[in-house]
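The sequence and the structure come first, and the description follows.

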Amino acid sequence: MLDEPVNVERPTLYHVFLTYFRLANLTFGGGDAIMAAIHTELVTARKWLSQEGYSISYALARITPGTNVLAFCAGSAWKIRGWPGAIAAVLVASVPAGIVVILLTAGYGALQSSASARAAIAAMVAASVGMMGTAACNLLRPYLDRRRWAPAVVIAGISFALLQWSAMTPIRVLGLAAVTGIIWRIPE
Amino acid sequence: MSLLMLYLLLAKATLTSFSGTTSFPVVRHDFVEHYHQLTDRQLNAAIATGQAAPGPNGLYIVSVGYFVAGVPGGCAGLLAVITPPFLIIPMLQFLGRWTDKPRIQSALRAVTIAAAGLILSTTLPLARDALNGPLPMTIALASFAFLLVKRTSSVFVIAAAALAGLAAQLLS
């Protein structure tokens, strides 16, 4: 159900639109930074969203398929203004950046004729390979503690091997991992 | 490839991932290995482009869509990115209590861990394509180490890499 705003009137759709636009597009530091900024602005300062509403949106965004921060925007804005609020928040959090990505990708082809641009693009691509390694490590790192390192190493290692050396598709590997997680309990 | 097919394949990738870049193994399997719509080099460029833009991490899917079918493909990619997050609303309405079940939590943890293994496995062919000399290798290692130690915006790392590549070209 929708949140009852704390001591304030329910914000208009326009205000939701503007606030999510600013927080999602002008906060540097990725999804966690954006979600922290939303807490500061919507829970602490404006009191549009309760702490409970924020917490449940945050927790469920972690397990919603797709991009966590967009799920969080959808969930928290739905708590504030229902479906219109959720649609507005997701659109303003994704469409401006999506347009930038389309323009950058269009520029990629045009820039291939310049040697300097090709060198810069090759360096950016190399950096993105490093970032993919970091993304994998950051996913695994929280589980490498004393209680969970064994299932973490086994599941990650087998997933790596299955994709690398068998004909199994990534979706089947993920399904197998889910079944493994149900049988072999990984502690919180 | 039709726009509907493109959208469905990209949506399949985003629906089976739980953060921005964990859709990557499914995207590579479908678009590079199965349908041959992308090369590893284009996929690498899509990831770099997605990282260079502000906003959520998973927007490299938009770039993948653009490489396959131009601006309409980019729009199909954007639609595939923004569709799954709305699943949180029925979850807020109906599933809140189920997500506390320890075995469900454990299954989700296992999927996250498996995604780490899949990303590493999928990054290997991209690395073979992109890291073809000492400079790209150094940049990749530096990006990896820097972001592992310091959680800063990837936009800055991509910009620094571009400057390094440009400087190396001008000095050579």
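## Burial and overall form of chain B

What percentage of the 172 residues in chain B do buried residues make up? Buried residues account for 56% of them, where buried means under 20% relative accessible area, exposed over 50%, and partly exposed in between (1.4 Å probe, protein chains only). The model is predicted: local features need pLDDT of at least 70, side-chain atom pairs count only at pLDDT 80 or more, and totals for chains, interfaces and linings use all residues. Residues are numbered from 1 along each chain as its sequence is written, chains are lettered from A and ligands numbered from 1 in the order in which they are written, and side-chain values use heavy atoms, with hydrogens and water left out.

Chain B contains 8 helices and 0 strands; helices (H or I, at least four residues) and strands (E, at least two) are DSSP runs, numbered from the N terminus. Read from the N terminus, the order of elements in chain B is α-α-α-α-α-α-α-α. The C-alpha trace of chain B spans about 60 × 40 × 25 Å along its principal axes.

## Helix H8 of chain B

Helix H8 of chain B covers residues 154-171. Its 18 residues should span 26 Å at 1.5 Å a residue, and the end C-alpha atoms are 26 Å apart, which agrees; the expected span is 1.5 Å times one less than the number of residues.

The buried residues of H8(B) are Ser154(B), Val157(B), Ile158(B), Ala161(B), Ala162(B) and Gly165(B). They lie on the same side of H8(B), because they cover an arc of only 140° around the axis; the arc is that of the directions from the helix axis to the C-beta atoms. On the other side of H8(B), Leu163(B), Leu170(B) and Leu171(B) are exposed.

## Salt bridges

Side chains of opposite charge can pair when their charged atoms come close. Over all chains, the structure holds 7 salt bridges, a salt bridge being a side-chain nitrogen of Lys or Arg within 4 Å of a carboxyl oxygen of Asp or Glu. In chain B, Arg28(B) forms a salt bridge with Glu33(B), with the closest N and O atoms 2.6 Å apart. Glu33(B) is partly exposed at a relative accessible area of 44%, whereas Arg28(B) counts as buried at 9%. Arg28(B) also forms a salt bridge with Asp40(B), where the closest N and O atoms are 2.8 Å apart. This pair links distant parts of the chain, with Arg28(B) in helix H2 (residues 24-34) of chain B and Asp40(B) in helix H3 (residues 40-52) of chain B, 12 residues apart. Both Arg28(B) and Asp40(B) are buried. In chain A, salt bridges that share partners join Arg22(A), Glu41(A) and Arg46(A) into one network.

Glu41(A) counts as buried at 15% relative accessibility, while Arg22(A) counts as partly exposed at 35%.

## Nonpolar patch on chain A

Val154(A), Ile158(A), Val179(A), Ile182(A), Ile183(A) and Trp184(A) make a nonpolar surface patch of about 540 Å². Patches are made of residues with over 30% relative accessible area and no salt bridge, with like charges joined within 9 Å and nonpolar side chains (Val, Leu, Ile, Met, Phe, Trp, Tyr) within 5 Å. Accessible areas come from the Shrake-Rupley method with a 1.4 Å probe; for residues, only the protein chains shown count as cover.

Helix H6 (149-165) and helix H7 (170-183) of chain A each supply at least two residues of the patch, and H7(A) gives the largest share, 3 residues. Ile158(A) is placed in helix H6 of chain A and is partly exposed, with a relative accessible area of 46%. Ala150(A) is also found in helix H6 of chain A; Ala150(A) is partly exposed at 29%. Between Ala150(A) and Ile186(A), 36 residues apart in sequence, the C-alpha to C-alpha distance is 9.5 Å.

## Cysteines

The structure holds 0 disulfides over all chains, a disulfide being a pair of cysteine sulfur atoms within 2.5 Å. Cys73(A) is buried, with a relative accessible area of 0%, whereas Cys75(B) counts as partly exposed at 44%.
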